[in-house]
Amino acid sequence: DIDMGKIVMHYTDDTNFVSNISSAVTITNLAAGGSDTLLKPAEVALFSVNMSHALLSAITLEEYDTFTLELIPKTGATITIQRTLPGYLDSVMDLH
């Protein structure tokens, strides 16, 4: 279930740990007709993290920095997403 009310998210990098950033994250179910919050096999969800949100605004990311998002649902397995930023940064980035 990708309902943000049922997921706790944490942000971590080399110098920062921010607990419960769920209010800074938007999740969009990209499946055709996927209006529910249950992510089914072969469906894809887009996680958008607002780094200018008050919880994350003090964090400065630079080229080649690595950060981790940890998604902890009420039930089920924790999902860890780790990304390294490219050598060029723009205000909006798709980090796959």
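**Thr66.** I looked up Thr66 in this predicted model and found that Thr66 lies in strand E5, which spans residues 66-73. I then checked its accessibility: with a relative accessible area of 26%, Thr66 is partly exposed, because the cut-off for buried is under 20% and that for exposed is over 50%.

Next I listed what Thr66 touches, leaving aside its neighbours within four places in sequence, and I noted contacts with Asp13, Asp14, Gln82, Arg83 and Thr84. I followed up Thr84, which is 18 residues from Thr66 along the chain, and the C-alpha atoms of the two are separated by 4.1 Å. The side chains of Thr66 and Thr84 are also joined, by a polar contact of 2.8 Å.

**Aromatic pairs.** I searched the whole structure for aromatic pairs, and the search gave one. The partners are Tyr11 and Phe67, whose rings are stacked, with 6.0 Å centre to centre and 15° between the planes. Tyr11 lies in strand E1 (residues 7-13) and Phe67 in strand E5, so the pair ties together parts that are 56 residues apart in sequence.

**Strand E3.** I then asked which strand pairs with E3, and found strand E4 (residues 45-49), joined to E3 by five bridges and running antiparallel to E3.

Note on methods: Residues numbered from 1 in each chain as written. Predicted model: local features only at pLDDT ≥ 70, side-chain atom pairs only at ≥ 80, totals over all residues. Heavy atoms only, no water. Pairing = 2+ DSSP bridges. Helix = DSSP H or I, 4+ residues; strand = E, 2+ residues; numbered from the N terminus. Buried < 20%, exposed > 50% of the residue type's maximum accessible area, 1.4 Å probe, protein only. Contact = heavy atoms within 4.5 Å. Polar contact = N/O pair within 3.5 Å; in protein donor to acceptor, adjacent residues only side chain to side chain. Phe/Tyr/Trp six-rings, centres within 6.5 Å; stacked < 30°, edge-to-face > 60°.
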